[in-house]
Amino acid sequence: MFGKSNNVDQLKPLLEKNFKGSKDATFQNLDNGNYQLKMIYINSVIDTSKIHDMFVKPFFEVEKKEQYTKYLQSLGDYKEYKNERETIKDILHGSVVFLIDQTVHLIGLNHQENNSVLDANVETTIMGPQKGLSENINVNLNLIRHRYHVPSLTVENNYLVGDKSNIEVVLLYDSEQVDTKVLKKVKEQLNKVDRSIVQSAGELHRALTSRKRRLFPTLMVTERPDRIAYNLSLGKVIVMMEGTPFVLITPAVFYDFMTSMEDFYQPYFVGKFLVLLRYIGLLISLFLPSFYVGIISYNPEILRIQLAFSIASSRIPVPFPSYLEVIFMLIMMEMLVEASIRLPKTIGPTATTVGGLILGQATTEAGLVSNIMIIIVASVAISNFIIPINEMSFSMRVVKYFLLLFTTLFGLIGLVISTIGLIFYLVNLESHGYPYLKLFFSESKRPSKVS
Amino acid sequence: MGKGRKVFYVLFCLLLLSSCGFKDIDKRAFVVSMGIDEASNMEDGYEIILKVAIPEAESRKESEKYILLTEESQTIGEAVNIMKGRISNELDFGHMKMIVLGSDIMKRDLSKVMDWFTRRRDIQQIAYVGVGKPDAKTILDVTPKIERLPSNSLFLFFGETGTESAYVTTSYLFNFRRDLKERGIDAYLPVIEPNDTGGLSIAKLMISSKEKILLELNEEETKMFNILNKGYDKFNMVVETDETNYFVLTMDQVDSSYTFMNRDQPVITFTINFSSLVEESTFEFNKSKMEKYKKLAEETVQKSAKQLLLKLQENNLDPFGFGVHYRSIQKGSEEEKIKQWDALYPNVSFKIDVKATIKGTGVVE
Amino acid sequence: MLANVVALVPRIMIDARNNGAILSIFIGALLSSLFFYFYMNILLKFPKKTHAEIVKEYIPKWIAVLYIMIISLIFFISSWLILVVFIDITKRFVNPDLSPFVIGIIFLSVICFGALLKSEKTLYALEIILLFCIPFIGAIFLKSTINQHISWDAIKIVFRHGFELPKLETIGATTYSFLGFYYYSIYNKVIDLKKKKIPILLVFIVAAVGIVNLLTSLLVPIGYHGFDGIEEYVYPWFSTADAIRMELGFIERVLFIFLLLYVGVSIISATISSHVGIETIRYILPQTKWRNVSIFPIFIMIVFSLFTTISYFFISQEQVFELAKIYFTFLLPMGVISIVVLVWADRRKKHG
């Protein structure tokens, strides 16, 4: 247990070389007359207020060196010395290194500033729990443990992701429910991650999927502890990351992205109605623009004559073909959405007013787009926001341009074909071995216990 | 990534290939109705009239404008092709919902006239067909005051979304054509006439047989035909009690069906059940005499129904399709059945059973 | 085989309306139920094996190779028929300005992608598309039967002639609409019915649904266009759909909804058909791989695609119908042969 005698001789110069230059590294020498020790830590990642109470005070009260060493070893976050590299890593993650004579002791005193629990503001519910996760992994574990009181809840935390960022990643699962195949796959992929910096759940998501260029999320990103607990009970694996209030849930299939936790908190029929509403919204936001182009430019006889005429007369002043009109307005809408996300909250409403009201009004007045087009773009935008998980709604925003392209080229047949192509593509996707999109048909090799 | 690249190449080729079919709605001229008249200076030629609606930017203000294109030619297709050169927008027949046949054209072989309509893929099978009197052009040129969209009033007449009247007979292109082709039934069309107030009125019916016999039914006969044929229940009936007094019934529910008896000497029995309300009367209704009133009503219906059926039989016309019915109950080859029926029809006798109920006397007694 | 209920089958059935059409539906249903029952029961004795695998394992090699080639060809022809007909329909009704070559390419690019997916994934896609389409198609069928302009007398005439002796091709056409269960020859590998035998009830349900389906597809067009008038229509069902009017709705003409739904259904049918064809023939092809992807299925799909798009220009609609008739007639003995081959394989399995 006591390190070999040459540990300190090797470590000390190494530490000095690495940290002497930085301002927040502290090299402290203590001497109470009987013996000396050296404390090394980075005061920006540890709880400095505790240093005095925990280490300095006892040092002057305890007379014998051995006794003080015993005291240190009895502390909860005591770690044994392994080698120099580990030690440097530990210091960076908030440990205090003690050099007493020829022995090295490490004590974790990690402190993170932003451990307050945040309001859930990406996936909000009306009647569900209002708080989301925090940016501190321990606080998050605490939140989840308080929602899921089962002894089989397992926490595995021996992963560090990113060569430079070295972010701590924790796997969380219910060992009785989990599908071991999925677990194995996730672990394999976590070990394979080769990126220098990983900072957000979305980035980790990218690193964890084998397909490098993908359009749809195959892992779910969430900030809601209640969703995490629910998914744990379904046997899914949760991947948590230090420093972000979002976690990844795997496997995640298409339907998961269309459910909101609200559905469970509402009466049965209300919940079903909400789900139905979302699918209708999905269809509208995907198909409406292409349907418009297909009907206007290829098969105007589809609509009933009265409707066809009111569209025709509203389109008369428009000087360019329908697909340009649609693309122009859709791009404006996307920009508006993007602008209101990036802008500070105080200016956001101004952007929407200018864009939505003034621009919309002015373009129709100027005869650049038809009135009907404004209605279509607005309903596409609104119905796109109905999709509860942000990632999915972003994907769908992109997909509708593919449909639009095919419809512009081939008319409504193009729309049908590209829809079928989209279905084939979705069906072909997998989320850690689970088919992404399917209905009832159950495989013979169905993995156990996971819905 | 091999697949991705392949898809890309395919797409690229497609982009080069396609340039066709894309035509915006405002670059199209919609033909809303079409008329066919006899050509004035050509043997066996047609005069084709197209009513083309022109959408206008400020559609909320007043009714839409239209253009009437006319062209004479030996064939319909040729006439249409010539007219394409007369309008800058692409002629689109996808919304053509009304075909008006001039009354002169009715004397021709209609299945030849209608051939063009069934062959074109863009012509709706649910377009309405009617006879224009005196000719199709007059009818198409009429713009009733309440019309916002050109020809919309005709669409409302025939579609069940607008007026519902026992005098209006709806004939879709598909069932008109079916009746033209089917042996054992004669095709019928509503007659459209301009009226004094600048609008159109539809109250008559024209029946055309395969032997080119034409018969026009008057208003009352048309009403009776619709009742017998489809059990039309939105009509009124005047029942005279004596020389000066009468009452009017409004129908609530009408049920009409016929049965065929005795195949060699057929008797066709019509059963008409209706229930009705009193809508108007010149005298106080006496409850005890209800039975009598009912009887009177039954007799009135019976009389006019029998009159209609006999008139049709006299002219050897069969718009009800008794012949088809005969074919469906008789065995043997179709040609034989038709021959048999042609011989039988003049000797068919009709029986009419009417059962009336008067449910109430309206809001007052 | 929903796709052909509106395209080829009704045309052939309507040609036989004077000639025992009704009887042929019932005979077809009966034969198909028998085939269905025996075929499935034997397949279920070989869990998780495809038809081709069974044949390859237990039947002498040269017969097996020949047999597998024929079976695979049958599936490809089925797919080809659907495609040729629907390319024509698309050109005729939806977009007359689009060249059939382009239509063929866009159809086939999706079909190639779909047919080369894994078996279970084609099933997921099938389910989704059918679940989306069938309610609408069912509603249109239902709406087509409640229309006061329909001529019931014309339909009754069909029944008058319904029980005369039918032609073989008509029976073949009816059995063709039950063809779906032969696809199980591949899906046996991925579907686990957890049963040793097919329940009789299922056979009855399949037969009943098939009969109703065929009766609708035969009788409704006759009701709309008349016993004599129907003759001239090339695609009776699409002309019928055009005669249905939706009084209250954004879209008044049912035809377009019907067309678009059916283009969807036909593409998925052709995909499944080609997929089964590929999965069948791959057992007698060399398993050459290039960058971990088997080449031959892709190669076959490309050949098939080229053949389909080009053949459209060399074959008239009449010839397609004639070919379809021959093909349908050929299906009947093939059903018997497959069952015989499977029974043979089962015997050989038992006797080692």
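Trainee: In the hairpin of strand 6 of chain A and strand 7 of chain A, which residue takes a positive phi?
Mentor: A:Gly162, with phi near 90°. Keep in mind that this is a predicted model.

Trainee: How many residues sit between the strands there?
Mentor: Five residues lie between strand 6 of chain A and strand 7 of chain A.

Trainee: And in what sense do the two strands pair?
Mentor: Antiparallel, over seven bridges. Strand 6 of chain A covers residues 153-161, and strand 7 of chain A covers residues 167-174.

Trainee: What stands opposite A:Leu160?
Mentor: A:Glu168, in strand 7 of chain A.

Trainee: Zooming out, what domains does the assignment give for chain A?
Mentor: Domain 1 is 5-108, domain 2 is 137-251 and domain 3 is 266-431. The C-alpha centres of domain 1 of chain A and domain 3 of chain A are 61 Å apart.

Trainee: Switching to chain B. How is that one divided?
Mentor: Into domain 1 (24-217) and domain 2 (218-365). Taken over C-alpha atoms, the centres of domain 1 of chain B and domain 2 of chain B are separated by 31 Å. Domain 1 of chain B puts 23 residues into the contact, and domain 2 of chain B puts in 30 residues.

Trainee: What area is buried between those two?
Mentor: About 2200 Å², with 59% of that from carbon and sulfur atoms.

Trainee: Which three residues supply more than any others on the side of domain 1 of chain B?
Mentor: B:Ala166, B:Arg183 and B:Leu217. They supply 30% of the area that domain 1 of chain B buries against domain 2 of chain B.

Trainee: What does B:Arg183 form a salt bridge with?
Mentor: B:Glu335, and the closest N and O atoms are 3.1 Å apart. The count between domain 1 of chain B and domain 2 of chain B is one salt bridge. As for polar contacts, nine residue pairs are found across that interface, both residues of each at pLDDT 80 or more.

Trainee: Which elements give two or more residues to the domain 1 side?
Mentor: Strand 8 (200-208) and strand 9 (214-217) of chain B. Strand 8 of chain B gives the most, with five residues.

Trainee: And how do the residues on that side divide into nonpolar, polar and charged?
Mentor: On the side of domain 1 of chain B that touches domain 2 of chain B, eleven are nonpolar, six polar and six charged.

How values were computed. Residues numbered from 1 in each chain as written. Chains lettered and ligands numbered in written order. Predicted model: local features only at pLDDT ≥ 70, side-chain atom pairs only at ≥ 80, totals over all residues. Heavy atoms only, no water. Domains from an automatic or database assignment. Contact = heavy atoms within 4.5 Å. Buried area = accessible area lost by both parts, 1.4 Å probe. Salt bridge = Lys/Arg side-chain N within 4 Å of Asp/Glu carboxyl O. Polar contact = N/O pair within 3.5 Å; in protein donor to acceptor, adjacent residues only side chain to side chain. Helix = DSSP H or I, 4+ residues; strand = E, 2+ residues; numbered from the N terminus. Nonpolar A, V, L, I, M, F, W, Y, C, P; charged D, E, K, R; others polar. Pairing = 2+ DSSP bridges.
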